[in-house]
Amino acid sequence: VKIGDEFKTASRNIQAGTGATGVELEALTQEFRDLAGRVPQDLGTVSTAIADVNTEMGLTGDDLETTTKQFLDMSRIMGTDVSSSIRDVADTMAIFGVDTSETGATLDALAKASQVSGVPMGKLQKQLREFGPVMKNLGLSFNESAALFAQFEGAGISITRVLPGINASMRRLAESGITDMRTAMFEGMKDIQNTENATEALNKATELFGAEGAQRMTVAIQQGALDIEKSDVIGLVVQ
């Protein structure tokens, strides 16, 4: 009886979360039933995740079941809130034009960036969702942005302190006629890394990243906390 009541509650969760009725609701409920026996989370969590993936990513059928399981598994392993992860990752994938079929690879990339840097995966997800458009305009891919954010935060540099400077730098580059902003930023970081005079390096960092984050950026770059030898992955192999 208890299980039956839980399934009824789960079905109501799906209906409330998706607005589905009739045949559509029956199909979503069946996907939930199929998935519920394959994951250890409670029925309420699974049904809410099914509804969230359906509404955020527009998936149905086997794709819905597979993707929801990927989110549930990653949430359990990395200790993230599954509903927040679905929202953040789905929105970020849309920003960078990543197809929903790449959800598993996207979650793996985030997990690897988190593990290498020590930055919580949930924090990276939220930052990428909030600041992804800036990175997209800079010419970075999703993987490059995840790696860059992980290195910044892992080096004790809040991305919120750096982004205003990056925005200002992008405007200056655009005004000067430079179109390849990605290359310009990485070349600027390499220039800071190779500048021996501390004052000169700080001035270059201030011009590139703004005054608020310049000092920490200079130290991080020159001490190797930010590995820019391989600018294609920002020192983190996230594939």
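These legends walk through a predicted model, first as a whole and then in several close-ups. Residues are numbered from 1 along each chain as its sequence is written, and side-chain values use heavy atoms, with hydrogens and water left out. Because the model is predicted, local features need pLDDT of at least 70 and side-chain atom pairs count only at pLDDT 80 or more, while totals for chains, interfaces and linings use all residues.

View 1. Helices here are DSSP runs of H or I with at least four residues, strands are runs of E with at least two, and both are numbered from the N terminus. The C-alpha trace spans about 75 × 35 × 25 Å along its principal axes. Of the 239 residues, 48% are buried (buried means under 20% relative accessible area, exposed over 50%, partly exposed in between, with a 1.4 Å probe and protein chains only). Take the contacts (heavy atoms within 4.5 Å) between residues at least 6 apart in sequence: 63% of them join residues at least 24 apart.

**View 2. The largest nonpolar core, 67 residues in total.** A core of this kind is a set of buried Ala, Val, Leu, Ile, Met, Phe, Trp, Tyr and Cys residues joined through side-chain atoms within 4.5 Å. Phe32, Met135, Ile166 and Phe209 have the most contacts inside it. Helix H7 (residues 121–138) supplies the largest share, 7 residues. Leaving out neighbours within four places in sequence, Met135 touches Phe96, Leu140, Ser145, Leu148, Phe149, Leu163 and Ile166.

**View 3. Gln127, a residue of helix H7.** Gln127 counts as buried because its relative accessible area is 8%. Not counting residues up to four places away in sequence, Gln127 is in contact with Gly132, Phe149, Glu153 and Ile159.

**View 4. Helix H4 (residues 61–78) packed against H6.** The angle is about 10 degrees and the axes sit 10 Å apart; axes are lines fitted to C-alpha atoms, for helices over the stretch in contact, and angles run from 0 to 180 degrees between N-to-C directions. So H4 is roughly parallel to H6 (under 35 degrees counts as roughly parallel, over 145 as roughly antiparallel, 65 to 115 as roughly perpendicular and the rest as oblique). On the H4 side, look for Thr67, Gln70, Phe71, Met74 and Met78; H6 brings Thr103, Gly104, Leu107, Asp108, Ala111, Ser114 and Gln115.

**View 5. Helices H10 (residues 181–194) and H11 (residues 198–209) side by side.** These two pack at about 160 degrees, with their axes 9 Å apart. That angle is why H10 is roughly antiparallel to H11. Met185, Gly188, Met189, Asp191 and Ile192 of H10 meet Ala201, Lys204, Ala205, Leu208 and Phe209 of H11.

**View 6. Asp91 in helix H5 (residues 82–96).** With 25% relative accessibility, Asp91 counts as partly exposed. Setting aside residues up to four places away in sequence, Asp91 touches Glu56 and Arg129. Ser114 is 23 residues from Asp91 in sequence and 19 Å from it in space, C-alpha to C-alpha.

**View 7. Glu102, in the loop between H5 and helix H6 (103–117).** Glu102 is partly exposed, at 40% relative accessibility. Thr67 is 35 residues away along the chain, and the C-alpha atoms of Glu102 and Thr67 are separated by 9.5 Å.
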